[in-house]
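Trainee: I have a model to go through with you. Can we take the ligand site step by step?

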Amino acid sequence: MPERASGAAGPLGLFGGTFDPVHYGHLRLAEEAIAHLGLTGVRWIPAGHPPHRGTPQVTAEQRLAMVLRSTAENPRFSVDPAEVEASAPSYTVHTLTRLRSELGAQRPLVLLVGADAFAGLASWHRWRDLFALAHIAVSHRPGFPVETASLPHELATEFGDRRTTDTAVLAAAPAGQIVTFAMTQLAISATQIRKLLANGLSARYLLPDAVLDYIQDHSLYRNS
Ligand code: ATP
């Protein structure tokens with residue numbers, strides 16, 4: 001899918017997730033990452049077969065459709081359907097390797113993760129290899145501290161010296177740094193939205209109306 005962002009050589013944000021469903025916490029993370037980190041755009045990459053969790057309640061195609069609806073009007077957002085279309089598990093290291101060959105060795109790539117996802121990084125497939133492929137930008141998320149002391153031991157000891165709040169490092173190299181950034185704190189989760197909908201309660205204003213309309217039209221996240 002072609003990049004909708006302009007400025008082809010600047011740092012590009014890559015935002016993977018289950019997006020089950022996509023909500024305003026995700027959208028603000030991507031929007032604020034562009035501003036705080038000087039990104040040319042954000043490529044959203046919905047996971048097809050997430051290796052770290054149980055089977056999502058809706059199909060990968062439906063999660064992709066919701067991401068497409070919520071990002072369509074932002075020219076700096078693009079959506080990469082490759083993980084949804086693949087039959088193999090969605091390991092981030094494979095996705096980054098593919099994007100590296102597509103975008104070239106020099107383009108700064110910035111993997112965007114929330115603090116909760118970053119805390120689990122050391123359990124990801126070939127996680128040490130990620131640093132040769134991309135930078136990692138960690139956003140603050142309510143309830144999940146980002147201090148080094150709260151990181152898994154291997155990550156803190158092996159990669160602690162790569163952490164910085166100086167976002168200029170992202171444009172200066174293609175990969176290898178860990179940057180933390182503070183975004184507007186939104187205590188919204190897909191889990192909370194799924195629970196509300198399963199109980200017949202309103203999830204309005206936690207996610208875009210276009211996504212809620214899609215959920216209603218397809219009778220998703222209902223208990224029965
Ligand atoms: P679930 O509740 O099903 O675990 P989630 O709301 O955490 O889902 P994911 O699709 O798992 O959403 O998250 C994708 C990425 O977005 C992760 O890196 C996660 O840390 C980040 N993220 C999700 N919600 C927020 C939020 N409210 N604030 C900051 N980051 C968030």
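Mentor: One term before we start: a residue is near a molecule if one of its heavy atoms lies within 4 Å of it. Keep in mind that this is a predicted model.

Trainee: Of the 24 residues around the ligand, which come nearest?
Mentor: The shell around the ligand holds 24 residues. It divides into nine nonpolar, eleven polar and four charged. Those that come nearest are Asp116, Arg141, Leu186, Ala190 and Thr191.

Trainee: How far is a polar side-chain atom of Asp116 from an oxygen atom of the ligand?
Mentor: Asp116 is among the residues that come nearest the ligand. Here the side chain supplies the polar atom, and the ligand supplies an oxygen. The distance is 2.5 Å.

Trainee: What share of the ligand's exposed area does the protein bury?
Mentor: Start with the ligand taken alone. It then exposes 610 Å². The protein buries 90% of that.

Trainee: Which pocket is the space taken by the ligand, and what is its volume?
Mentor: The ligand takes the space of the largest pocket. Its lining has 48 residues, with Gly16, Gly17, Thr18, Asp116 and Ala117 nearest the centre. By class, the lining has 22 nonpolar, 20 polar and six charged residues. The volume is about 1000 Å³.

Trainee: Which elements each supply at least two residues of the shell around the ligand?
Mentor: Take the pocket lining as background. Strand E1 (12–17), helix H1 (24–37), helix H4 (92–103), strand E4 (109–114), helix H5 (115–119) and helix H9 (190–198) each supply at least two residues there. For the ligand shell, the elements are E1, H1, E4, H5 and H9.

Trainee: Which residues does a cis peptide bond join?
Mentor: Most peptide bonds are trans, and most residues other than glycine have a negative phi. The loop between E1 and H1 holds Phe19, whose phi is positive, near 50 degrees. Pro21 lies in the loop between E1 and H1 too. With omega about 5 degrees, the cis bond joins Asp20 and Pro21.

Definitions and conventions
Residues are numbered from 1 along each chain as its sequence is written. This is a predicted model: local features need pLDDT of at least 70, side-chain atom pairs count only at pLDDT 80 or more; totals for chains, interfaces and linings use all residues. Side-chain values use heavy atoms; hydrogens and water are left out. On a 1 Å grid over the protein atoms alone, a cavity is a set of points where a 1.4 Å probe fits but cannot get out, and a pocket is an open set with protein on both sides within 12 Å along at least five of seven lines; lining residues have an atom within 4 Å of a point. Grid points are joined across faces, edges and corners, and a volume is the space filled by probe spheres set on the points. Helices (H or I, at least four residues) and strands (E, at least two) are DSSP runs, numbered from the N terminus. Ala, Val, Leu, Ile, Met, Phe, Trp, Tyr, Cys and Pro count as nonpolar, Asp, Glu, Lys and Arg as charged, and the others, Gly among them, as polar. A polar contact is a pair of N or O atoms within 3.5 Å; within protein, one must be able to donate a hydrogen and the other to accept it, and residues adjacent in sequence count only if both atoms are side-chain atoms. Accessible areas come from the Shrake-Rupley method with a 1.4 Å probe; for residues, only the protein chains shown count as cover. A molecule sits in a cavity or pocket if more than half of its atoms lie within 2 Å of its grid points.
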